[in-house]
Amino acid sequence: MFALGNLLLVIVATVLFAVLAPIAGCLLAGLDRIISARMQGRVGPPLLQPYYDVRKLLAKEDVSVSGVDGVYMTCALVFTAFAGGIFFAGDNLLMSAFIITMASLFFIMAAYSSRSPFAELGAGRETLQVMAYEPMVLLMAVCFFMAAHTFMVDGVLDLERPIIATTLPAFLGFLFILTIKLRKSPFDIAMSHHAHQEIVRGTITEMSGRTLAKVEVMHWCENILFLGWVAMFFVWSNPASIVLAVIVALAIWFLEIFIDNNFARVKWQTMLNSSWLVALVFGGVNVIFLAFV
Amino acid sequence: MELLLFLIVFPLVAAAVLLAVRDDRARDAIVWATAAIVAVASIVLAVRFFGQGWTGFAFSSAIVDTIAIAVGALIAIVVMVYGVKYRNVAAIVLAAVQLVSDLIFEFAFAHQMEVPVGLYVDQLSVIMALIIGIIGSGICVYAMGYMKDYQAHRPEGEKDRRPAFFALMVLFLSAMFVIVFSNNLVWMFTGWEVTTLCSFLLIGFTRTDEAIRNAFRQIIMNMIGGLGFLAAMYFSVIWLNTMSLSEFILFGLRHPELIALPLCALSLAGITKAAQMPFHTWLLGAMVAPTPTSALLHSSTMVKAGVFLLIKLAPLYTICFAASQMVILVGGITFMLCSFMAISQTNAKRVLAYSTIANLGLIVACAGVGTPEAIWAAVLLMVFHAAAKSLLFLCVGTAEHHIGSRDIESMDLLFERMPRLARLMMVGIMGMFIAPFGMLIAKWATLVSFVENGQLVLVMLLAFGSAATFMFWAKWLGKLAGIAGQQEDVELSVHRSEWASMGLMAFVAVAACVLLPLLSNALIEPYIVSVYGQLGRDIPLDDLWLSAVLALFTAAVFIGGLRPSKQKQGPVYLSGVTVDSGERVYRNSLSNDEKATARNLYLAAYFSEGRFKPVGEVLCAAVIVFAFVASGIVPPVL
């Protein structure tokens, strides 16, 4: 059956993603720390520091407050892997977007399960973050569909020109909420990578050892997936375009680090208002534009 | 055909028997038996008509016509009696108008009313029959245990009115079968009005002031819709000279200009029954009723009759612009605004009510778009909503009886206090809104069809509405997920019938998700093909398998995998000296013991009802009025 062949392809891609994305994501995270340090006038840790951190976490004593957060985080990891697999197999973009949201949901539940006041606050904020970026993600997918005439990611390989030619507003809108998705300042309100947040470490306050390691790995995978979404805007039937797309994705990633280091964290009200406004204006304008062109 | 008649008549007989039986054990036996027989009969029906297109049955009888009209008149009289008793003028006036129109109809057009093919089955009816027969009966089973607890909580010496309650529940099923099998509009209308009356009586069952008030709100709104239905029947019989639903649709496809107004009137009937804005308040009010009633109204009956009618009429919406825009906009606006308002609710039943209305809004909007993809999505949404929503209502009802509150904040630690129930509730919530469960696929087809048809406003409404959906479900899930120390297990006293019923719903919800590809293949696609002659393009049939795999995984985790591990248990961090980790008590800066508490976000400043309700009501009412005016201006060619 044709359908089952597709399913097999996605599963193979998922396994590959689960192996390769953490490696690439880990290197990016190491690079992130070095670049951030240079921006702050420090030398920074070695490139492989994120890997050493996770390896150390895995060796820690297995302690948990709720006893189930590890299971939730495993689910979150599995769903992240599937979202990546679906995307990089060239399958359905909407499906990938929905499944990565599912991963966020499991992450949120892991935080809630500890019943720590700090983690609960963080989890509440995390749901706000999801609500803030979701409209723009959906509209980005809609614009993709209208530009490529399919939700299938590999559809871009048949195009004469990259979809960015007609989806610039949606791309800019997506960049705006990408900062939330990458958990970068000014939108790192649920859980900050820097140790200066008023709610301790928010969502991950009560996570330690293996569970925290899973959070880190999930974060690496997410970063790769989202950079993949960025790259998708710049690919067309010309094989060389993939190189261009990778370069653009890395440039965007550098931009995100720059923003992270130069903006103070905002309140959730500002995040929600601004990201919905961006979705309405940039997403809306682009959808209307595509409908009449 | 015998099977159809059996499904209609058997619950009717059972209802009559239940009304007479006063003994608890005898009633239990009858309800069990009725539920089982109806469920089996609906499955037999599905097997018997597997994969067949529209099958009509020559069945007409002047006596049945007269009975149908008489029942309609009787309903109007009953409403008038209640209206007089509780001094409700609006209800009396509406009932009087209905009574008069009903009788005029009988005497003026009786000779034209004959419809040779009175009954029919197609795959949509089969799906509806399965929903009514399995989920509806399951709720009746649940009601047995629930109503025992309910009766136990009533003041001593109060009259036991449970026989009437069960009779109404079962009668409801019969009326629903009438609606989904009747090709004769008069019969369908009778079933339509019976469901309205049944829900009136069920909502007002507790006879508190609030219940009476809400019951009247329900009957007034639905009688407005009923008058819309009647008006459409008048149009149909005068202009088109037919009382057959299928002929009405066929005629409409050839002469869209002629049916513009009746289509609007019928759509209004569907919109009121499906509790769309500005008529949504009746469904919110309905939750004062005992929980099985809410479950029945929300999942398998009543509101589903509304969307059933709209889906049935869907082919007409592709050619009638005004009616189509009316249905689409009302549905879309309702979806977004009700999702917003659900965020600010703490009452679990109210969250469920808003989410029902929002979801129905999505189905209504799909029906209004009317393309094959949209209808595919609409039917799927309907199936998933029926299973997941009934499960959730039953869970909330049981939780309410055992923890004494229906407030979501009180469901803290439910995961340990009522472990099985909390897991079932989680499955229900997952089934309601999340990838990779069915909703995702349905939403996606919705997006495709909206985009393909240039429904740009609707795309925006969907984008923001779904984001809100995530918020209110996720924070509820989070509340359930909390785990702290050893809690007392309070679910041991849950009735067996309640477990049986909730287990059935959970099974149906999970099975529908896991068997999604087969469901689509065996039931929904044949319906689409039989109506449109082709399947819509871009329906993601391939990815159904993927979603099935993920659904299976998630269900396995929630039902089987979530046990506290053997990990060492650590204390919770409370920025100071923790006194009691399980209770979250810490020593504060004044050396006093203090308990740390956290509440969910309800964002009242953003998503309050006061802010969105008036907007939605005005917008939707304006859309409806505008559509009627626009359709009325088109001169009917006689």
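This is a predicted model: local features need pLDDT of at least 70, side-chain atom pairs count only at pLDDT 80 or more; totals for chains, interfaces and linings use all residues.
Residues are numbered from 1 along each chain as its sequence is written, and chains are lettered from A and ligands numbered from 1 in the order in which they are written. Local features need pLDDT of at least 70, side-chain atom pairs count only at pLDDT 80 or more, totals for chains, interfaces and linings use all residues, and side-chain values use heavy atoms, with hydrogens and water left out.

**Exercise 1. Determine which residue forms a salt bridge with A:Arg265, and where the two partners lie.**

Solution. 
- Step 1. A salt bridge is a side-chain nitrogen of Lys or Arg within 4 Å of a carboxyl oxygen of Asp or Glu. The structure holds 14 of them over all chains.
- Step 2. The partner of A:Arg265 is A:Asp188, with the closest N and O atoms 3.0 Å apart.
- Step 3. A:Arg265 lies in the loop between helix H8 (241–262) and helix H9 (268–292) of chain A, and A:Asp188 in the loop between helix H6 (168–181) and helix H7 (209–232) of chain A, so the bridge ties together parts that are 77 residues apart in sequence. Helices (H or I, at least four residues) and strands (E, at least two) are DSSP runs, numbered from the N terminus.
- Step 4. Accessibility is classed as buried (under 20% relative accessible area), exposed (over 50%) or partly exposed (in between), using a 1.4 Å probe and protein chains only. A:Arg265 is partly exposed at 23%, whereas A:Asp188 is buried at 2%.

**Exercise 2. Identify the salt bridges of B:Arg162 with B:Asp24 and B:Asp160, and the network to which B:Arg162 belongs.**

Solution. 
- Step 1. B:Arg162 pairs with B:Asp24, the closest N and O atoms being 3.1 Å apart. This pair links distant parts of the chain: B:Arg162 is in helix H6 (residues 162–181) of chain B and B:Asp24 in helix H2 (residues 24–48) of chain B, 138 residues apart.
- Step 2. B:Arg162 counts as buried at 6% relative accessibility, and B:Asp24 as partly exposed at 26%.
- Step 3. B:Arg162 also forms a salt bridge with B:Asp160, again with the closest N and O atoms 3.1 Å apart.
- Step 4. The network of salt bridges links B:Asp24, B:Arg27, B:Asp160 and B:Arg162.

**Exercise 3. Describe the interface between chain A and chain B.**

Solution. 
- Step 1. Contact (heavy atoms within 4.5 Å) involves 73 residues of chain A and 72 residues of chain B.
- Step 2. The buried area, which is the accessible area (1.4 Å probe) that two parts lose on being put together, summed over both, is about 6,100 Å², 76% of it on carbon and sulfur atoms. In chain A, the residues that lose the most area to chain B are A:Met95, A:Tyr112 and A:Arg115, together 12% of what that side buries.
- Step 3. The count between the two chains is one salt bridge. B:Lys479 forms a salt bridge with A:Glu120, with the closest N and O atoms 3.8 Å apart.
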